[in-house]
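This note sets out a few points for a colleague who is new to the structure.

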Amino acid sequence: MGSTAPQSMSGLPKEEADVELRLGDIPLRQTVELVRIDLPADRAEPLLERGVLPGCRICPVRSSPTGDPIISVDGSLLALRRETADCLCVRLLSDFS
Amino acid sequence: MRDLSTPTEGSGYASAQVKDEARSPLIALIGPPNSGKTTLFNRLTGLRQKVANYPGVTVEKYVGQVQCNLERTVELVDLPGVHGFSARTLDERVTRDMLEGRLEDLSAPDAVVLIVDCTRLESQLMLVEPVLKLEIPTLLVLNMWDELEERGGNLDHMKLAHLLGVEVVKSNARVGVGVDQVKEFLSGVEIRQQGLPPPVHVLSNVPRGLPLPMIDAFTERRRRVDKVVDRVSFVRPGPARSTEGLDAIFLHRIWGPLVFLAVVLVVFQSIFTWAVPLMDGVEFLITSSGEWLANRLSDGWFRSLLIDGVWAGVGSVVVFLPQILVLFLFLGILEDSGYMARAAVIADRVMYRVGLQGRAFLPLLSGYACAVPAILAARTVEDERDRLATIFITPFMTCSARLPVYALLIAAFIPDRPLIGWLMGYRAAVLLGLYGLGIMAAVVTAFLLKRTLLRAEPGSFVMDLPPYRLPSARSIGLRLLDRSKIFLRRAGRVIFAVTIVLWMLTQFPRLDAGPPPIEESALGRIGQVIEPAIEPLGFDWRIGVGLVTSLAAREVFVGTLGTIYGVENASDDSMVLQETLRRNLTPAAAIGLLVFFAFALQCTSTVAVMRRETGGWKWPMLQFCYMLVLAYSGAFIAVRIF
């Protein structure tokens, strides 16, 4: 079960050298892939139910007047808090993927 | 096309339980929030729907009848919009219990209509798997098909039907496209013969705080969904340009908050100024119909009960109907258009500071009209602790029932003089101050609660931002109709009972000639019993009686004083009322009384709705005592300062 689900950095290809990226660090309009959710299950669930799952593509499209990220996932727009965005580990998509 | 579903199970009648024999098939309508579920429900049922509450909780239950064709009618339940079935929120719990047939007053559904927004197919299809596992006839409605095509998306819906083994309908519920096909499906549903459906396949039920396995389970399910989505050659629609354009304004760093403030102001303005002519109209109707009745009845106890008791009492509440409808009209427009979600995002940071979240903005705003619908609206707050905290502070919002009391006392005691030139007078300043007082109490209370009883890690705030849509008059109209019914039913029951009891208390003990003087009536004696307790605040027994009766509803205070002074002076003119008040109350005590009303929880309906929403007496009792202590000490301090 879930043998391919990347739970640590070890399974990733070569670019692992760079530091762990958080969704909060990603500039607007840059699509990334979600690697891991650093939240306990009960608090991750609202995210999971809305399609924010490891492996999904996330694109920060706008920042709210209070500086919190608004992201696009599977064509849905979701508003997060900065604090939540900082719990989402992401990686840049390599050119060919 | 219809070969996949509605297995016709043998002959119908033999094995059905007695309670099933007479009923028509029951179909559950489910779907994620903002998928157009309620729009479809309204399309299908129109005016043939009724609202009630699910047993034990105040999640609203909409059940309606659908006339599928000339000879067939089925019952349709509009379940709350959910993203999953884990029972993390009240809505999810109700939805799951209904599907599993565990609700007392509803049997398990005979079929399911699952509606999804097909522009966001992948995440919406996450609901499909648990629904299919119920193994009952299912119809999948791909709503917003027009939008999918407009934005250049596409999918093979026949293939989807084939892969999932269910019927699939393309629809645009807003204008009614696809509704006939849904009706056709509904007409084929048979009453199910065997027992309960299997339990809903849930992914999480994990105890709080446990890591990972759930995430894996979600990922697995998502992989299966993705496979299906691939095989139906789903072309994802391009970005919604109009929504992006509007968000560029409404979520703009500068314009966003300005629009937000403007919206809040317009809502307020509508409650307090635009609704007034309507309220005057309703008041006129009540008074003139009361007079008409009074002239037709002979003088006696019955006329007194009907006119002074019921007509005046119930009338004083019905007057608020226009105000509540205007508020709900605006809230309906804001919500259906998609703006409310943006407002919640803008409000979130401020709410977060006091330990709440942006979703609490809607209930708190509603609280300025009436705490009862506001507490119901708190269901949108997903986190249970945040929801409780929101419910707890809602009664501090200055509801419209406080206004008649404020208006009377301010007119009687505060001079009509300018304070800051023509901009603001003393009276307006006092009114504004009372609003501020409520907000302050709410902020402090929330802050304390989140650090004591409801302490929790800050929740992960995730807010869906649905595309902007033009609200439909039909949906909003139906909702306003519901609201009026609920409100009038409340006025009809609670206030009716209270006013009759009150009236009786003024009539006994009976002297030989007729009703006793008010001091000697049962009501007057009750007032004198309380007097020692409120003397430190500078209130006499008359105010005491008013405080007791206003426990039913705040605005009853004005009517009660009217009755008491009216009985004493045989007149209940408002000017006379003000003058009598000035004789019986010092200005300082009047300020104290205002402060008391700003804080105290004098509203049985609020207490009742809190009990249902929080599932017991603990919270409402705590709330009542807390607010009473706050009100008493606030008034005590105010009397000494002024």
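1. Two residues are counted as in contact if their C-beta atoms, placed from the backbone, lie within 7 Å. In this predicted model, the contact takes 35 residues from chain A and 42 residues from chain B.

2. On the side of chain A that touches chain B, the elements giving two or more residues are helix 1 (41–49), strand 5 (76–80) and helix 2 (82–85) of chain A. Helix 1 of chain A supplies the largest share, nine residues.

3. Attention now turns to strand 6 of chain B. Six of the six residues of this strand (residues 138–143) are buried, so strand 6 of chain B is largely enclosed by the rest of the structure. In a regular strand the side chains alternate between the two faces of the sheet. Here, Thr138(B), Leu140(B) and Leu142(B) point one way, while Leu139(B), Val141(B) and Asn143(B) point the other way.

4. Strand 6 of chain B runs parallel to strand 5 (residues 111–117) of chain B, with six bridges joining them; Leu140(B) is the bridge partner of Leu114(B). Strand 6 of chain B also runs parallel to strand 7 (residues 167–170) of chain B, through four bridges, and there Leu142(B) is partnered by Lys170(B).

Note on methods. Residues are numbered from 1 along each chain as its sequence is written. Chains are lettered from A and ligands numbered from 1 in the order in which they are written. This is a predicted model: local features need pLDDT of at least 70, side-chain atom pairs count only at pLDDT 80 or more; totals for chains, interfaces and linings use all residues. A residue is buried if 20 or more other C-beta atoms lie within 10 Å of its own, exposed if 12 or fewer, and partly exposed in between; C-beta atoms are placed from the backbone. Two strands pair if DSSP finds at least two bridges between them.
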